[in-house]
Amino acid sequence: MRFQNLKKILSYLKKKIKQITPDYKNNSNLFHSKEEVEDLYNTLSIFAAANNLEILKIEKKTPEPISGSKKTENKKKKSLKAKNVSYYKIPVSYEIYGSFLDFIKFKRAIAKSKKMLNFEKELITTSKRQIGKINVVGQLTIVGLPNEFN
């Protein structure tokens with residue numbers, strides 16, 4: 001009798017896992033693993049090269065823990081050992097050189113990718129190197145999983 005109950009529970013759990021797996025895959029695509037964060041330069045370089053742009057600088061900064069509670073969110077925490085961390089915001093500063101149209105195509109390609117990148121700041125100026133080109137200096141943030149960055 002006990003064995004039959006365990007079998008029913010196992011069957012139910014398998015169905016439940018199968019049911020929620022698509023939700024997990026959709027939601028986890030927004031977050032970056034530590035490996036993906038380390039590979040960000042390569043990913044951005046591929047997008048840049050495909051759009052005739054040159055990455056002059058890319059620099060990953062210290063991950064910032066973000067808590068689900070409003071008290072913690074209001075305080076700027078620098079410690080990576082924060083309790084109840086919901087996710088990490090990882091700032092990345094960059095500098096890109098090329099044409100404005102190519103830069104727009106580059107950002108569109110990033111927007112179409114499955115991972116979430118937030119462009120926080122951006123300063124676009126005309127280049128002194130060559131007429132018709134621009135320099136873009138900015139900062140983007142990516143979202144990291146809490147179990148990967150603590």
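**View A. A nonpolar patch on the surface.** Leu6, Ile9, Tyr12 and Leu13 come together here as a nonpolar surface patch, with about 420 Å² of accessible area together. Patch members have over 30% relative accessible area and no salt bridge, with nonpolar side chains (Val, Leu, Ile, Met, Phe, Trp, Tyr) joined within 5 Å; areas come from the Shrake-Rupley method with a 1.4 Å probe, with only the protein chains shown counting as cover for residues. Leu13 sits in helix α1 (residues 2-28), and it counts as partly exposed because its relative accessibility is 43% (buried is under 20%, exposed over 50%, partly exposed in between). A note for every view: this is a predicted model, with local features needing pLDDT of at least 70 and side-chain atom pairs pLDDT 80 or more, while totals for chains, interfaces and linings use all residues. Residues are numbered from 1 along each chain as its sequence is written, and side-chain values use heavy atoms, leaving out hydrogens and water.

**View B. Tyr94 meets Phe119.** The ring centres of Tyr94 and Phe119 are 6.1 Å apart and the planes are at 90°, so this pair is edge-to-face (centres within 6.5 Å; planes under 30 degrees apart are stacked, over 60 edge-to-face, the rest tilted). Tyr94 belongs to strand β3 (residues 85-98) and Phe119 to strand β4 (residues 117-126), 25 residues apart; helices (H or I, at least four residues) and strands (E, at least two) are DSSP runs. Tyr94 is buried at 4% relative accessibility, while Phe119 is partly exposed at 27%.

**View C. Lys107 has two partners.** Lys107 lies over the face of Phe119, 4.3 Å from the ring centre (NZ of Lys or CZ of Arg within 6 Å of the centre and within 35 degrees of the ring normal). The Lys107 side chain also makes a salt bridge with Glu122 (3.0 Å, N to O), meaning a Lys or Arg side-chain nitrogen within 4 Å of an Asp or Glu carboxyl oxygen. Lys107 is in helix α5 (residues 100-112) and Glu122 in strand β4, so the pair ties together parts 15 residues apart in sequence.

View D. Arg129 is exposed at 53%, whereas Glu54 is partly exposed at 35%.

**View E. Strand β2, covered on both faces.** In β2 (residues 64-67), Glu64 and Ile66 on one side and Pro65 and Ser67 on the other are all buried. β2 runs antiparallel to β3, joined by 4 bridges (pairing takes at least two DSSP bridges), and Ile66 stands opposite Tyr87.

Terms used:
Patch = residues over 30% accessible without salt bridge, like charges linked within 9 Å, V, L, I, M, F, W, Y side chains within 5 Å. Buried < 20%, exposed > 50% of the residue type's maximum accessible area, 1.4 Å probe, protein only. Phe/Tyr/Trp six-rings, centres within 6.5 Å; stacked < 30°, edge-to-face > 60°.
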